[in-house]
Amino acid sequence: MSTQKNITVALAGNPNAGKSSLFNALTGAHQRVGNFPGVTIEKHEGYLDYKNYRITVVDLPGTYSLTPYSPEEIVTRRFIIDEKPDVVVNVVEGTNLERNLMLTVQLMEMEVDLLVALNMMDEVEEKGISIDLDQLEQLFGSHIVPISARNRKGLDDLLDHVISVSEGRIEIRKNKITFSPEVEKAIDKIAALLSHERELGAGANYRWLAIKLLENDREAYTEVQKYPVWVKIELALQEAIKECERLHSTDPEALITEDRHAFVHGAMQECVRKPKATRASVSDYIDAVVLNRVLGLPVFFLVVWAIFQLTFTLGKPLMLALEFVFDLLSKSVAPLLPEGMVRSIFVDGVISGVGSVVVFLPNIVLLFMGLSFLEASGYMARAAFVIDKVMHRFGLHGKSFIPMITGFGCSIPAIMATRTMKSRSDRLATIMTIPFMSCGAKLPVYVLLAGAFFPPAMAANVMFGIYLLGIVVGLWTARLLKSTVLKSDSEPFVMELPPYRWPTFSSVIFQARMKAVMYLKKAGTLILGAVILIWVASNFPRSQALDTELANGKARIEASSVAPELKAEQLQKLEARIEARQLEYSIAGRSGKLLEPLIRPLGFDWRIGISLVTGLAAKEVVVSTLGTIFSIGQTTDNTSLSAILRSDPAFSKATALSLMVFVLLYIPCVAAVGVMKKEVGAWKPVLFYSAYVLAVAWVASFITYRLALLWM
Amino acid sequence: MKLSELKAGERGQVTAVASEPVIRRRLMDLGLVRGTELEVLRFAPLGDPIEISCKGLLLTLRRNEAEGIAVDKLEVVESRQASWASLLRGHRFGKSA
């Protein structure tokens, strides 16, 4: 409609205040996930049409405060200042008003057009809490709209208010809270100095900037330090610090925060009546079990085990079903295309490429259903609490544990699961630990090699050792990273344990769907490209001579007078032989040969080199490539791959061990690298990491090979 | 004394917060300013972090983060902690009121 008017609304609020529920309830399917400029924080934007208005809603990250200490807070602040949304809706949790209103006070200080959405009113009523809304509105100077985002109650009322505020029909009084006299004096003085600085612009909020300077806010500092007036301001700040120290024996930052707390506490006293809580709540009883000194860890491991089983045991048949569908698709499309290159491109390149992207979907969807259930129920924070001590020892965070464990199934959902971590350095360290947690696709390689070269009992020990090595190297890597390049900005463990809640089914499904779409859109294309590239590398260039040899051989077999069954068998063998030699001739084959001098010290010849190159597509491909390439010149019938490897002079126990170690540690598959790039946000750390893991893999394999040669 | 020195079930009142800026700010944002009363509820199964309750909230923090918080120990009036003992004494389940 041409008469439609546009309104932009920003949602701000504490973590767990129900911002996302409100956002989903308002915008439904009309959503877009992007990033805020310069940071890897997700920006959820959506819109809805309401009464002739197109209302754009931006869900800002959850924050407790508006300091510049965390990227979430900086993003929130910058968005409000730079993008100037028409209305800022502050979502506050009705059951937890006191802490939530601390942010409201800080939003008030920014003098924005503020509307307070008092969420979880259903729970407020259930708990018998009474809130004097009129009085609260008087104190805060903003309209307060009671809603329940979960039950979609009060949403129309909220939207009507949004429209009224944006059109100036509701006056936002922009009340100021009054700080301690010394602070007020300093604010006035600094604000006056700022107002004389013409270059700062007439639109600037001097009072707010003055408060921020007194709060030791580094963003405000860099903003103001540019101007000559800074010399005078610095003096005023020093004076204020002295005064606060003399009169209150604290610094302005603490004093300002204390004043805000006092204001909010006073408002609570005046407006909120809670029934006396004398007895422990349900949450307390659950915690008495779940966080119990004895039961805490067993419960935690049980939950982790359940998530793992849900994701991978339940995911497996779905994964196989998808593989089957794509296999069927290849088989039914193949006859429709002319034999040769075109068919190969479509069937082996495109269809199997798409298949290799889609095949991870069941794991991703199931894992995120599980994780968002844990998150929304309130257990996730407790899980981090229980295991934090172990993780912290390696420089990681309690929240690192679940993604890491998930890595044993598949790195891709595991890397995506690190989103729950706020600190970028914690996230990066965890992401870079995950590929060392040996994933399910590497298992066939171990099974083949350990099975071929060791008796069953020993093979199990070898495999256990491999897994253990991965954990050790992973944790060691985390520690190394956190004590060097990722030293800064560790997330403090100061956080809230939210009360337990039943997650709604729709929100759990919604989260999983979002992750799936994100994976397909953002990482899928990258992975598809890389898989096709590896396919090209292992199929091109093609040797004409080998093609003719194949044609001639086929003709010879056809013309011979042996039985039809024998003919088929001979044809098969011929094709396998030619295929292997084509692989040798291809780019992958040549790079395998090119790599040989580099990997010789590890006990690998060029054939293993080829498998390692093709294994970048997916780790289980190492097995199929070994199968193709080691069957060259094989004359005996019906021999298993493990028998072939055992009889091959290039392979020994030492080679097998060295290869297992290398496959465990070297560059993860392209799908994982793609997701890593997506989550890290830049190529540089990913490339650096790839070089690092190659170096680690080489050294570890070298040591393994040499030791094995000595002892075996 | 320091918050980290309180035992489970003990109460204290904050007298100063002096951690490094990032942690200090987070502590203050979550309500740990001078004058706030708190109770140490429990320690994690491995002894760290600590769970406390203050202003009706459950908060967690690591021992080293709690070292920066100075507290005056208060007399225990009534613990909010749900223990097996209190469970056996017959608290009704499901009533937070």
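Trainee: What makes β2 and β8 of chain A the edge strands of the open sheet?
Mentor: The sheet has 7 strands in the order β2-β3-β4-β1-β5-β6-β8 (chain A), with mixed pairing. β2 (31–35) and β8 (143–146) each pair on one side only. Pairing takes at least two bridges found by DSSP between two strands. Strands are DSSP runs of E, at least two residues, and helices are runs of H or I, at least four, numbered from the N terminus. The model is predicted: local features need pLDDT of at least 70, side-chain atom pairs count only at pLDDT 80 or more, and totals for chains, interfaces and linings use all residues. Residues are numbered from 1 along each chain as written, with chains lettered from A and ligands numbered from 1 in written order.

Trainee: How do you know that β1(A) pairs with β5(A)?
Mentor: 5 bridges join β1 (residues 5–13) to β5 (residues 87–93), running parallel. At least two are required, so they pair. Ala12(A) has Asn90(A) as its bridge partner.

Trainee: What pairs with β1(B) over 6 bridges?
Mentor: β5(B) (residues 69–74), in the antiparallel sense. There, Val14(B) is partnered by Val71(B).

Trainee: Why are α7(A) and α10(A) called roughly antiparallel?
Mentor: Their angle is about 180 degrees, with the axes 10 Å apart. Axes are lines fitted to C-alpha atoms, for helices over the stretch in contact; angles run from 0 to 180 degrees between N-to-C directions. Over 145 degrees counts as roughly antiparallel. The helices therefore qualify.

Trainee: Which residues of α7(A) make the contact?
Mentor: Glu182(A), Ala186(A), Lys189(A), Ile190(A) and Leu193(A). Contact requires C-beta atoms, placed from the backbone, within 7 Å.

Notes: Parallel < 35°, antiparallel > 145°, perpendicular 65-115°, else oblique. Contact = placed C-beta atoms within 7 Å.
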